Amino acid sequence: MNNHKITHLKELEAESIYVLREAAAQFERPVILFSGGKDSIVVTHLAHKAFYPARLPFPLLHIDTGHNFQETLDYRDALVERLGAQLIVGSVQESIDKGRVKEETGYYASRNKLQTVTLLDTIEQHHFDAAIGGARRDEEKARAKERFFSHRDEFGQWNPKNQRPELWSIYNGKKAMGEHFRVFPISNWTEMDVWQYIYLEQIPMPSLYFTHQREVFERDGQWLAAEPCIPRKPTEQVVSKQVRCRTIGDITCTGLTLSTAHSLEDIIEEIAASRVTERGSRADDKRSETAMEDRKKAGYF
Amino acid sequence: MLDSTRGYLDMELLRFSTAGSVDDGKSTLIGRLLYDSKSIFEDQLEAVEAASRSRGNEDVNLALLTDGLRAEREQGITIDVAYRYFATPRRKFIIADTPGHIQYTRNMVTGASTSDLSIILVDARHGVLEQTVRHSYISWLLGIPTIVVAINKMDLVDYSEQVYNGIVAAYRQMSETLHIPNVEFIPISAKKGDNVVNASEHMPWYKGQPLLSFLETVPLGNKLGGAHFRLPVQYVIRPISDQFADFRGYAGRVAGGTLQTGDRVRVLPSGLESTVARISLYGNEMLQAHAPLSVTIELADDIDISRGDTLVRSDEPQPLVERDIRVDICWFNERPLLPRSKYIVRQPTAETMGMVSAINHRRNINTLEQETDVAELRMNDIAEIGLRTASPLVFDRYADNRTTGSLILIDPDTNETVAAGMIQL
């Protein structure tokens with residue numbers, strides 16, 4: 001028997017490409033959820049590899065909270081251009097203006113939760129039957145329970161107590177009208193795997209991931225960007241620091257890390273030495289012990 | 001980049017699952033592995049410490065690291081499989097922490113189906129229980145190359161060698177009756193940390209390795225593939241562009257063996273043949289395709305190939321092509337399986353309708369006997385059935401290839417996955 005030694009990154013890449021090809025084969029209108037963060041960038045890169053030399057068989061969907069770093073939007077537009085992909089933007093501001101959601105108020109106001117409504121509305125409007133996301137099981141304890149093909153009912157809800165069995169690599173994407181699937185090709189990747197893969201493949205990354213000087217302020221032991229969309233308490237002083245993003249989301253919930261990492265090698269070193277998880281810098285997970293599960297049940301990413 | 005970090009770029013991956021009866025300490029074992037191998041981050045540990053205190057737990061409850069769902073934390077049980085990740089300087093690991101309750105057996109099978117190794121936990125105070133047998137039998141049916149029986153809570157039986165030997169003997173009797181070979185035994189205390197990462201000071205009579213050293217050194221079988229080249233075709237890549245106007249690539253993940261440019265290949269079930277013109281991924285030509293790589297294959301001739309077909313080498317033993325097969329199944333659904341019922345039969349990429357032609361026999365987990373004359377299968381039953389399919393299936397015996405020998409049954413009324421099937425013949 002031929003036993004070929006294969007590295008963990010090659011094995012993970014092969015698995016993810018397999019999942020993406022299954023998504024393209026089993027669904028009529030799949031879409032990639034693109035946030036501008038490293039995970040959705042890697043998923044898009046893998047999809048590009050999976051179907052080369054054909055173009056991506058999926059459009060990219062960006063749910064725009066209106067509170068994005070400009071760098072994220074610039075990167076997104078350049079990527080779409082380079083891949084010749086189709087971009088669809090779902091606007092949270094529009095959902096607010098239409099009265100579909102009500103904006104939170106106060107110092108901790110965030111549009112993170114509101115995104116769910118915009119996402120489900122956009123999925124319905126475009127008749128998407130599968131939304132491909134960059135969620136990873138190592139990120140968070142509710143995500144640790146996700147299937148590769150994760151069923152959503154007609155209300156977009158996840159039922160974690162009664163998920164379909166998922167055997168071997170046989171994915172069952174069958175559904176009734178109005179239901180859809182979430183597909184997570186990089187389920188089995190860790191944060192370290194993602195950065196090592198970016199390094200090996202030399203994938204260009206948004207500048208936010210590397211160290212830069214930024215106006216920031218401290219809240220609950222975290223550094224946040226001093227931007228108008230986060231109201232500051234009178235005691236919160238703005239200072240200038242050398243920081244980088246460890247995750248990229250909406251500005252209001254993206255914690256910045258004090259860092260001098262200039263290169264992908266520096267970032268890998270930093271993560272290897274890190275004693276805190278990446279979601280430790282996400283304000284949206286800290287709302288309760290099962291904050292992520294509660295949002296996921298409602299149809300969150 | 002530091003050499004230590006560079007070293008992490010080319011590690012091997014071991015996927016293992018933990019199983020066993022309720023309260024045998026699976027989640028605690030995983031918590032212990034992560035904790036002692038320093039794979040838990042500070043914020044995770046702080047969250048678990050705080051949650052343990054608020055629940056009135058005396059010690060830090062390591063199970064809270066993996067039981068992530070609200071219902072699981074409320075009830076203190078595991079409902080669905082949770083995946084955890086850690087690495088040592090020698091290997092990377094993916095753990096599937098599976099539930100012990102019988103009603104969540106489908107989730108145990110989900111976690112175990114992709115594993116290279118299965119750890120079955122046994123509570124030293126209770127010995128071999130019904131779920132120990134069920135999970136051992138399922139692990140063996142799933143063809144998991146290595147089964148490790150971790151006899152846990154040794155601290156609660158005074159680290160007694162006699163108790164340990166008694167359980168080993170009882171387990172061996174059961175496994176021999178079921179013809180399960182190659183089982184390893186390790187006495188541990190997940191709660192106290194004995195023989196998990198560090199060797200135990202309390203059990204000098206145990207001469208083997210601690211669990212983690214075993215996981216770091218156990219040979220990595222052949223990763224779900226077989227000896228002969230198989231490529232279930234997932235998707236046909238046809239670019240609509242002037243530059244690649246004639247390109248036609250067959251996309252799939254290799255499920256065994258090897259393939260090189262110039263090899264003669266056959267398409268099944270049609271039997272048409274051609275020659276491999278090019279193997280690539282992302283435009284990068286590969287000298288050889290082998291499991292478990294995802295590849296794109298171009299052929300010299302324009303022949304009819306579509307999703308669900310299987311590419312094989314003409315010069316190798318061929319897969320079987322049949323409409324009547326015998327399958328070992330685990331039944332997952334509350335609706336019973338009845339003879340003559342119809343289901344959608346899904347292999348990795350092919351799909352057809354199938355009808356249950358017979359329930360040949362069912363394994364009684366308590367008596368270990370095979371029962372014949374079975375009228376229906378109920379949830380969590382393990383049995384051999386006969387299946388007749390609408391179109392021919394291309395397959396290998398499950399014992400020869402865990403990918404091309406596997407199938408699932410889907411209820412056409414509800415779209416639910418109702419059974420896992422391992423093809424015998």
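Modeller: Chain A is assigned domain 1 (8-193 + 289-298) and domain 2 (206-283). This is a predicted model, where local features need pLDDT of at least 70, side-chain atom pairs count only at pLDDT 80 or more, and totals for chains, interfaces and linings use all residues. Residues are numbered from 1 along each chain as its sequence is written, chains are lettered from A and ligands numbered from 1 in the order in which they are written, and side-chain values use heavy atoms, without hydrogens and water.

Colleague: What is the area buried between domain 1 and domain 2 of chain A?

Modeller: About 2300 Å², 57% of it on carbon and sulfur atoms. Buried area is the accessible area (1.4 Å probe) that two parts lose on being put together, summed over both. On the domain 1 side, A:Phe69, A:Tyr107 and A:Glu191 supply 33% of the area buried against domain 2 of chain A, more than any other three residues.

Colleague: Why is A:Arg214 with A:Glu71 called a salt bridge?

Modeller: The rule asks for a side-chain nitrogen of Lys or Arg within 4 Å of a carboxyl oxygen of Asp or Glu. The closest N and O atoms of A:Arg214 and A:Glu71 are 3.4 Å apart, so the pair qualifies. Across the interface of domain 1 and domain 2 of chain A, the rule finds 2 salt bridges.

Colleague: How many salt bridges are there between domain 1 and domain 3 of chain B?

Modeller: The count there is 0. Polar contacts number 8 residue pairs (both at pLDDT 80 or more). A polar contact is a pair of N or O atoms within 3.5 Å; within protein, one must be able to donate a hydrogen and the other to accept it, and residues adjacent in sequence count only if both atoms are side-chain atoms. On the domain 1 side of chain B, H5 (105-113), H6 (130-141) and H7 (161-177) are the helices that give two or more residues to the face touching domain 3. H6(B) gives the most, with 6 residues. Helices (H or I, at least four residues) and strands (E, at least two) are DSSP runs, numbered from the N terminus.

Colleague: Why is B:Ile365 called buried?

Modeller: Buried means under 20% relative accessible area, exposed over 50%, partly exposed in between (1.4 Å probe, protein chains only). B:Ile365 has 9%, so it is buried. B:Ile365 sits in the loop between strand S19 (351-363) and strand S20 (370-371) of chain B. B:Ile365 touches B:Glu130, B:Val133, B:Arg134, B:Tyr137 and B:Ile382, not counting residues up to four places away in sequence.

Colleague: What makes a set of residues a nonpolar core?

Modeller: Its members are buried Ala, Val, Leu, Ile, Met, Phe, Trp, Tyr and Cys residues joined through side-chain atoms within 4.5 Å. The largest such core has 91 residues, with A:Trp195, A:Met205, B:Val295, B:Ile297 and B:Leu311 touching the most other members. Helix H1 (residues 8-26) of chain A gives this core its largest share, 8 residues. A second, separate core of 77 residues includes B:Leu64, B:Ile144, B:Val148 and B:Cys330.

Notes. Contact = heavy atoms within 4.5 Å. Domains from an automatic or database assignment.
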